[in-house]
Amino acid sequence: MKLYYKPGACSMSSRIVLHELGLPFTSEKVDTEAGLTGSGADYLKINPKGYVPALEIEGGAVLTENPAILQFLADSHPEAGLAPAPGTVERARLQEWLNFTASELHKAFSPYFRSKPLTDGEKAAASAQLERRIGDVEHGLADGRSFILGSQFSVADAYLAVVLNWTRFIGVDLARWPHAAAYLARISERASVRQAMQEEGLPGGEAA
Ligand SMILES: N[C@@H](CCC(=O)N[C@@H](CS)C(=O)NCC(=O)O)C(=O)O
């Protein structure tokens, strides 16, 4: 398998899950603005949508979209217990959190990552929206659960933690959301996460 990624981006959730499963894979960095992979290949030919992640699987098919990739990986190795069984309420909960992370939390960070500086009004709106969505995570963790589905780590945690980690890049202090802060600290200690961070050159990874 081959993962197309940008350091610290949402594609890191696939890397974490690949490590959780102990699967062999290669990876290649993508310059999404230039539309090129690190080796100079036309990335639009690999993923016409132009963004990461893309995961090339056995046989050469390319999967895109975080929730689809993460569930494919989990379902390919059900013995690892990274996703509840399809058709169960628990699986629907997993999908709730994957979809929330992709369409609400992830996108609430988008204004902070655009190249054009935000106006004061845009900053205020972006901040209110982001705080609201982090509040949703805090609410989901408020019963003291260790992981977003309860007592067991799942692929939803891999994605949610990668996105919550972006608060560090934009200078938002998670201390206002103590459950979310403790959750991110807990997930960041996992060997798979430390390895992924180290491989992508992020602070918090294992010493190289
Ligand atoms: N809907 C996509 C969104 C992926 C996405 O937003 N990727 C970002 C990184 S987190 C990206 O590649 N941004 C660069 C760009 O769009 O040029 C998914 O869930 O996989």
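Predicted model: local features only at pLDDT ≥ 70, side-chain atom pairs only at ≥ 80, totals over all residues.
UniProt, in an unreviewed entry, places the feature "domain: GST N-terminal" at residues 1–81. Within the model, the end C-alpha atoms of residues 1–81 are 21 Å apart, and the span is 30% helix and 22% strand.

An open sheet is formed by 5 strands in the order 3-2-1-4-5, with mixed pairing. At its edges lie strand 3 (36–37) and strand 5 (62–64), each of which pairs on one side only. Strand 5 is joined to strand 4 (residues 54–56) in the antiparallel sense over 3 bridges. Within this pairing, leucine 55 stands opposite leucine 63 of strand 5. Helix 3 (residues 66–76) packs on the sheet, where it touches strand 4 and strand 5, and its direction makes about 120 degrees with that of strand 5.

Glutamate 65 belongs to the loop between strand 5 and helix 3. Although it is not a glycine, glutamate 65 has a positive phi of about 80 degrees. For context, most residues other than glycine have a negative phi, and most peptide bonds are trans.

## Helix 3 and helix 6

The buried residues of helix 3 include Asn66, Pro67, Ile69, Leu70, Gln71, Leu73 and Ala74. Their cover includes helix 1, strand 4, strand 5, helix 4 and helix 6. Serine 76 also lies in helix 3, but is partly exposed, with a relative accessible area of 35%. The C-alpha atom of serine 76 is separated by 9.8 Å from that of leucine 21, and the two residues are 55 residues apart along the chain.

Helix 6 (residues 155–164) is largely enclosed by the rest of the structure, because 10 of its 10 residues are buried. Among them are Asp157 and Tyr159, together with Val155, Leu160 and Leu164. The elements that cover the buried residues of helix 6 include helix 1 (12–20), helix 3, helix 4, helix 5 (120–141), helix 7 and helix 8 (178–188).

Tyrosine 183 provides a view of this region from helix 8, in which it lies. At 0% relative accessibility, tyrosine 183 is buried. Beyond its neighbours within four places in sequence, its contacts include Asp157, Leu160, Ala161 and Leu164, as well as Leu141 and Phe147. Tyrosine 183 and glycine 144 are 39 residues apart in sequence, with 9.4 Å between their C-alpha atoms.

## Aromatic rings and charges

The structure holds 6 aromatic pairs. Two of them are set out below.

| Ring pair | Centre to centre | Angle between planes | Arrangement |
|---|---|---|---|
| Tryptophan 97 and phenylalanine 100 | 5.3 Å | 80 degrees | edge-to-face |
| Phenylalanine 113 and tryptophan 166 | 5.6 Å | 85 degrees | edge-to-face |

Tryptophan 97 and phenylalanine 100 both belong to helix 4 (residues 89–113), where they are 3 residues apart, about one turn of the helix. Both tryptophan 97 and phenylalanine 100 are buried.

Phenylalanine 113 is partly exposed, at 42% relative accessibility, whereas tryptophan 166 is buried, with a relative accessible area of 5%. Ring pairs link Phe113 and Trp166 with Phe109 into a cluster.

Two arginines are also placed over aromatic rings. The charged end of arginine 15 sits over the ring of tyrosine 5, at 4.5 Å from its centre. Arginine 190 lies over the face of phenylalanine 153, at 3.8 Å from the ring centre.

Note on methods
Residues numbered from 1 in each chain as written. Heavy atoms only, no water. Phe/Tyr/Trp six-rings, centres within 6.5 Å; stacked < 30°, edge-to-face > 60°. Helix = DSSP H or I, 4+ residues; strand = E, 2+ residues; numbered from the N terminus. Buried < 20%, exposed > 50% of the residue type's maximum accessible area, 1.4 Å probe, protein only. Lys NZ or Arg CZ within 6 Å of the ring centre and 35° of its normal. Pairing = 2+ DSSP bridges. Contact = heavy atoms within 4.5 Å. Axes fitted to C-alpha atoms, helices over the stretch in contact; angles between N-to-C directions. UniProt positions renumbered as here; feature names shortened; annotations may be inferred.
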